[in-house]
Structure formats: C-alpha cells, structure tokens
Amino acid sequence: MTLALCPGSFDPVTNGHLDIIERSSTTFDEVLVAVIANPSKEPLFTLDERKDLLEKAVAPFGNVRIDAFEGLLVDFALARGVDVIVKGLRAVSDFDYEMQMAHMNRRLTGIDTFFLPTSHEYSYLAASLVRDVVRLGGDVEGLVPEHVLVAMRERYRR
Ligand code: PNS
C-alpha cells in the first residue's frame, strides 16, 4: 500500500493541481492532499474554504483525502505514514526550488519526492495568475472547476 502526499497552498485549487492529483490517484494506492494552513502570503480563501473547494473537486476520485498541516511538511508526512511526496513540474522555472525542497525533505526524513510533468495545457497555470485574472474580470473557464470560479467571483465582488 503506497500513500502519496500532494502538498500545496491551493488558494484556490486549479485544474493544474487536479491534473497532478488525479494522475497520482491512478498511480498510487492512496493520495493525501495536504493544504498548508498558513501560507507565506495572506490567502484569498481561508483554510476551511480551501479545503472545502478541494473536497468538492476530488469527490470523483475514490482514493483521495484532504487534510491540513502546519510547520514542516515532512513532520506531517511522517505522522501520517506517507511513502512519497508528489509534485508537479510546470517548466524549468519550477525546477531549482523544487529540487532544493526535494533534497532537503529527503535529507530530513528519507522521504522521496516524485515529480510529474504537468499536462501541457496547464503548463503556464498558477493559482496566483488565476486570482489576478478573475480579480480583473478576465475569463478562466477551463482552468479551474466551475464551483471554484463561482467562489472566486463571489469573493472579489465584496
Ligand atoms: O502551492 P505551493 O505554495 O507551491 O506549496 C508549497 C509548499 C506548501 C508545498 C511548501 O512551501 C512546503 O512544503 N511548505 C511547508 C514548510 C516546509 O516544510 N518547508 C521546508 C521545505 S524543504
């Protein structure tokens, strides 16, 4: 039984995240999606909102669970009995930082990181870009689930 961990800020979950989560769910026995409780920047959505948006998005996948963590990712991973961390790589620009984290996480605990190339249609996608585009009234249809789009429009209306 292999348990894979997909960590992130998920502010909000995008179809790029879901691409990685879905492909992990068909590769590993179980997937735990871990939402960081306190991301470095003030998030658009609270932790509970980010978790709820994710819960709805992963409902079709039978072997995916959502949880939240604070502090070191690897401490959370050890406590949950995680076997591997899975990260998506969009482009070369992701590579340096992701490699640093993968090496550090392995050094700290021995837990390895598996990288999946993000599907090409999402290779430029970032939650920060999606937030900007929606805030400024642009169209992100097809880049986030419909319920996420509704929640974002509602949030920026205030
Ligand atoms: O969606 P993001 O913001 O790219 O996710 C980054 C995240 C949450 C996976 C990363 O920042 C992280 O693992 N943070 C937890 C703190 C930690 O363990 N830092 C040391 C990494 S070597």
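Where is the place of F10? I looked there to start, and F10 sits in the loop between β1 and α1.

**Ground rules.** I am working on a predicted model, where local features need pLDDT of at least 70, side-chain atom pairs count only at pLDDT 80 or more, and totals for chains, interfaces and linings use all residues. Numbering runs from 1 along each chain as its sequence is written, and side-chain values use heavy atoms, with hydrogens and water left out. Helices (H or I, at least four residues) and strands (E, at least two) are DSSP runs, numbered from the N terminus.

I checked the backbone at F10. F10 has a positive phi of about 50° although it is not a glycine. At 3% relative accessibility, F10 counts as buried. I take buried as under 20% relative accessible area, exposed as over 50%, and partly exposed as in between (1.4 Å probe, protein chains only). P12 has its place in the loop between β1 (3-8) and α1. The peptide bond from D11 to P12 is cis, with omega near 0°. I noted both points because most residues other than glycine have a negative phi, and most peptide bonds are trans.

**Strand β1, L5.** I moved to L5, which lies in strand β1. L5 is buried at 0% relative accessibility. Which residues does L5 touch, not counting residues up to four places away in sequence? I listed L32, A34, L73, F76, A77, V82, V84, I85 and V86. Contact here means heavy atoms within 4.5 Å. L5 and I85 are 80 residues apart in sequence, yet their C-alpha atoms are 4.7 Å apart in space.

**Helix α1, S24.** I found S24 in helix α1 (residues 15-27). Is S24 buried or exposed? S24 is buried, with a relative accessible area of 0%. Leaving out residues up to four places away in sequence, S24 touches C6, V31, V86 and L116. From S24 to L3 I read 9.8 Å, C-alpha to C-alpha, for 21 residues of sequence.

I looked up K87 in strand β4 (residues 84-89). K87 is a buried lysine, with a relative accessible area of 13%. Apart from neighbours within four places in sequence, K87 is in contact with P7, E98, M101, T113, F114, F115 and L116. G88 also lies in strand β4. G88 counts as partly exposed at 23% relative accessibility. With neighbours within four places in sequence left aside, G88 is in contact with I20, D94, L116 and T118.

**Helix α4, D94.** I followed the contact from G88 to D94. D94 has its place in helix α4 (residues 92-109). D94 is buried, with a relative accessible area of 12%. What does the side chain of D94 reach? The backbone nitrogen of R90, at 2.8 Å. That is a polar contact, a pair of N or O atoms within 3.5 Å; within protein, one must be able to donate a hydrogen and the other to accept it, and residues adjacent in sequence count only if both atoms are side-chain atoms.

**S119.** I placed S119 in the loop between β5 (112-117) and α5 (127-135). A polar contact of 2.9 Å joins the side chains of S119 and D19. S119 touches D19 and R23, residues up to four places away in sequence not counted.

**Ligand.** I listed the residues around the ligand: P7, G8, S9, I36, F69, G71, L72, L73, M101, M104 and N105. The criterion is one heavy atom of the residue within 4 Å of the molecule. A ligand oxygen atom is 2.5 Å from an N or O atom in the side chain of S9. At L73, a polar backbone atom is 2.9 Å from an oxygen atom of the ligand.

**α2 against α6.** I ended with a helix pair. The axes of helix α2 (residues 47-58) and helix α6 (residues 146-157) come within 10 Å and cross at roughly 155°. The two helices are therefore roughly antiparallel to each other. The contact is made by E49, L53, K56 and A57 of α2 and H147, V148, A151 and R155 of α6. Axes are lines fitted to C-alpha atoms, for helices over the stretch in contact, and angles run from 0 to 180 degrees between N-to-C directions. Angles under 35 degrees count as roughly parallel, over 145 as roughly antiparallel, 65 to 115 as roughly perpendicular and the rest as oblique.
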